[in-house]
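I set out to look up charge pairs, helix packing and the nonpolar core, and I record the entries below.

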Amino acid sequence: KEMVKDIFMRQYALFQTPSSTFYEMDYEEYFRNIHKEKIGVYFYDGDHNRIHQLRALEYAEPFWAQNAYIMIDDTNDQGIYDVTFGFMSRSKEEYAPVFNEKTPNMGHPTFWNGLLIFKKLS
């Protein structure tokens, strides 16, 4: 049986560009040791337990450019939703939601299990 990683790597090989880079590592290690540039669009689709949801936002925040868009999936889960809005309200930066859609069920053909997009204003 083909593994998810194998499918990803095959697709990555087909669609990568000279500006593409793939790192197979933990997000905390990546943001601590590798990443340097500003981020204009950030999509977190990793471990959605409350601790990792919050840390993934906190570790990436210093790199978000002004007017960056941050996308969070699976926001039908109230914990993910609450952690994300709590992060925005406690941050010294200013954020505004620009898209916030729940879905009627998991696996919905529109936004799977809810999608939130917010923008960094400051």
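**Entry 1: salt bridges**

I found three salt bridges in the structure, a salt bridge being a side-chain nitrogen of Lys or Arg within 4 Å of a carboxyl oxygen of Asp or Glu. The model is predicted, with local features needing pLDDT of at least 70 and side-chain atom pairs counting only at pLDDT 80 or more, while totals for chains, interfaces and linings use all residues. Residues are numbered from 1 along each chain as its sequence is written, and side-chain values use heavy atoms, with hydrogens and water left out.

I looked up Lys5 and found it paired with Glu24, the closest N and O atoms being 3.0 Å apart. Lys5 lies in helix H1 (residues 4-15) and Glu24 in the loop between H1 and H2, so this pair ties together parts 19 residues apart in sequence. Helices (H or I, at least four residues) and strands (E, at least two) are DSSP runs, numbered from the N terminus. Lys5 is partly exposed at 44% relative accessible area, and Glu24 is exposed at 56%. Here buried means under 20% relative accessible area, exposed over 50%, and partly exposed in between (1.4 Å probe, protein chains only).

I then asked which residues are linked in a network of salt bridges. They are Glu28, Arg32 and Arg55. The N to O distance is 3.8 Å for Arg32 with Glu28 and 3.6 Å for Arg55 with Glu28. Arg55 lies in helix H3 and Glu28 in helix H2, so their pair ties together parts 27 residues apart in sequence. Arg32 and Glu28, four residues apart in H2, are separated by about one helical turn. Glu28 is buried at 12% relative accessibility, whereas Arg55 is partly exposed at 35%.

**Entry 2: helix packing**

I noted that the axes of H3 (residues 50-60) and H4 (residues 78-90) come within 9 Å and cross at roughly 35°. Axes are lines fitted to C-alpha atoms, for helices over the stretch in contact, and angles run from 0 to 180 degrees between N-to-C directions. The contact (heavy atoms within 4.5 Å) involves residues including Leu54 and Leu57 of H3 and Val83 and Phe87 of H4.

**Entry 3: nonpolar core**

I examined the largest nonpolar core, which has 20 residues; Tyr42, Trp64, Ile70 and Phe118 touch the most other members. Such a core is a set of buried Ala, Val, Leu, Ile, Met, Phe, Trp, Tyr and Cys residues joined through side-chain atoms within 4.5 Å. Strand S2 (64-73) is among the elements that each supply at least two residues, and the largest share, four residues, comes from S2.
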